[in-house]
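This briefing gathers selected local features of one structure, grouped by topic. Please read the points below alongside the sequence and the coordinates shown here.

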Amino acid sequence: MATMESLIGLVNRIQRACTALGDYGGGDNDFSSLWDALPSVAVVGGQSSGKSSVLESIVGRDFLPRGSGIVTRRPLVLQLQKTEDGQEYAEFGHMPRRRFTDFAMVRKEIADETDRVTGKSKQISPVPIHLSIYSPHVVNLTLIDLPGLTKVAVEGQPETIAEDIESMVRSYVEKPNCVILAISPANQDIATSDAIKLAREVDPSGERTFGVLTKLDLMDKGTNALDVLEGRAYRLQHPWVGIVNRSQADINKNIDMIIARRKEREYFATSPDYGHLASKMGSEYLAKLLSKHLESVIRARIPSITSLINKSIDELESEMDHLGRPIAVDAGAQLYTILELCRAFDRIFKEHLDGGRPGGDRIYGVFDNQLPAALRKLPFDRHLSLQNVRKVVSEADGYQPHLIAPEQGYRRLIEGALNYFRGPAEASVDAVHFVLKELVRKSIGETQELKRFPTLQAAIAAAAGEALEKFRDEGKKTVIRLVDMESSYLTVDFFRKLPQEVEKVGPPGDRNTDRNADRSADRNIDRYAEGHFRRIGSNVSSYVGMVSDTLRSTIPKAVVYCQVKEARQSLLNYFYTQIGKKEGKQLSELLDEDPALMERRVQCAKRLELYKAARDEVDSVAWAR
């Protein structure tokens, strides 16, 4: 099963890729939005609801800009990742190579990056900022901090600012896969909460809404928020969580967030009103609750995300195939150009295999890790269990039980066990095939000269794919032959060296002979009892172990010979033959570059790259499940 870290990390990586390629939901209706299909937790609240304090408490750091009016003017995708080595730092999606260890600088960069898009005005923008925080004090969780809901515009803002913010927030929370974290202050009537009002409209059943009540410590003396926290005032499908944020005095004194968390725990533990709810209150409990829920939502959405990705890839590849065809000038020059482009691709592909570029080492990883692991997982314990050994040997004997050694039983047990090796053998072929396909895709993407000619890229990918399929078929035939060869002729010397179970008996009439005969009879009776069958199982297990060691060495040789070596030497041989037979018009179609459709082609190529990268990410997590 995929871990929580890998599932939430999967969505994090795809979200970053979406933003880099301009997909952050809504917008261009010509393309499906992958961003919209990803599960997320949107933080919603009115101004001064304590939204920023809740986020900082979950993170355990001061890192958000503060001030009057609308401070959050762009969505902030906050990706929290727990570290085990004690390191604590932050990274921005727009500055991937820089680590921030001073969280005051993180606050400044959020403000600066907001201004880069919106200017110094009070305008808002839907383009998100990606911030990853790595810390031992967080759980794996992704939150989207949205601008606070407001009712009036301040100086420098358009009159429509309230409607603009609500429209932006709605674009997130209306999605059926969005979890709503509705922040409301406890010292205001819950009926007037902007967050709850909006959540009720888009999620009337309350299935997607988590209610958070802040400022419990600021309520009038003699009052409490139990009606809300216990679900009587406004019921949700999920429990309400109470939060006690730092006071403004604490913020002014720069009280450490870890100390604030401890004070929060102490507040609930000692509160006469909320003590019985203490285990389910506080920012730490909220973070764990959200992390667990987000993981379950992502797990449930993986099939629909995969379906959308595959459907979009099909649509985009079809679109790419129908974009304009270039006009050629000279057939000989076109043929030379195509061959040079193919050689450039082939050179990069070989560099991946030979170690000049990364990727080829994954093939060795199949042989050194995946194959041995698969061999270790084969169900020999079940196959060679006492019950199954007794059953197989007895069935092999038929009506006449074996006299000395159950040879037919041995053969059936061994043949049945050796059949299990087919699975790991074929899986090794498939795993190497996957690596080679991935290297082909990478090599095409890294061949700069090919980027101008998407049609030729597709042709090379298709030709390489067909060749790799042929190599895979030959590889499977060969490794299955190796397994069948082990089954067709057993190593006799192995069994000749096994200790025999025959007891020598002296001449008839001798007293010692009689005693030996009695003992021999006892041993013959034992031969059909539990110990006898255990020895058979042990002998077969030893033989199968010997075969396993042999196949562990020979399968990689067969795979490399049939697949890797062939891919290195003759990946595009058939393609070269077919290109040489093409007419000038056919060659010009491969090199088409229609200026009128270049922009459309660029957009399609970007989306296709995004979806293929997303597919690889989903596949990598599916492998771990």
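Predicted model: local features only at pLDDT ≥ 70, side-chain atom pairs only at ≥ 80, totals over all residues.

Two strands are taken to pair if DSSP finds at least two bridges between them.

**Strand β2 and its partners**
- Strand β2 (residues 76–82) is largely enclosed by the rest of the structure, because six of its seven residues are buried.
- Seven bridges connect β2 with strand β5 (residues 129–135), and the two run parallel; within this pairing, K82 has S135 of β5 as its bridge partner.
- With strand β6 (residues 141–145), β2 pairs in the antiparallel sense over five bridges, and Q79 stands opposite T142 of β6.

**Aromatic rings**
- Nine aromatic pairs are found in a search of the whole structure, among them the stacked pair of F345 and F349, with 6.2 Å centre to centre and 25° between the planes.
- F345 and F349 are both in helix α11 (residues 331–354), four residues apart, about one turn of the helix, and both are buried.
- F380 and F421 form a tilted pair, 5.5 Å centre to centre with 55° between the planes; this pair links distant parts of the chain, since F380 belongs to helix α13 (residues 380–383) and F421 to the loop between α15 (407–419) and α16 (422–446), 41 residues apart.
- F380 counts as buried because its relative accessibility is 15%, and F421 likewise because its value is 2%.
- Y267, F268 and Y274 are linked into a cluster by ring pairs.
- R99 lies over the face of Y89, at 3.9 Å from the ring centre.

**Y364**
- Y364, in helix α12 (residues 361–376), is exposed, with a relative accessible area of 54%.
- The C-alpha atoms of Y364 and V432 are separated by 9.0 Å, although the two residues are 68 residues apart along the chain.

Key. Residues numbered from 1 in each chain as written. Heavy atoms only, no water. Buried < 20%, exposed > 50% of the residue type's maximum accessible area, 1.4 Å probe, protein only. Phe/Tyr/Trp six-rings, centres within 6.5 Å; stacked < 30°, edge-to-face > 60°. Lys NZ or Arg CZ within 6 Å of the ring centre and 35° of its normal.
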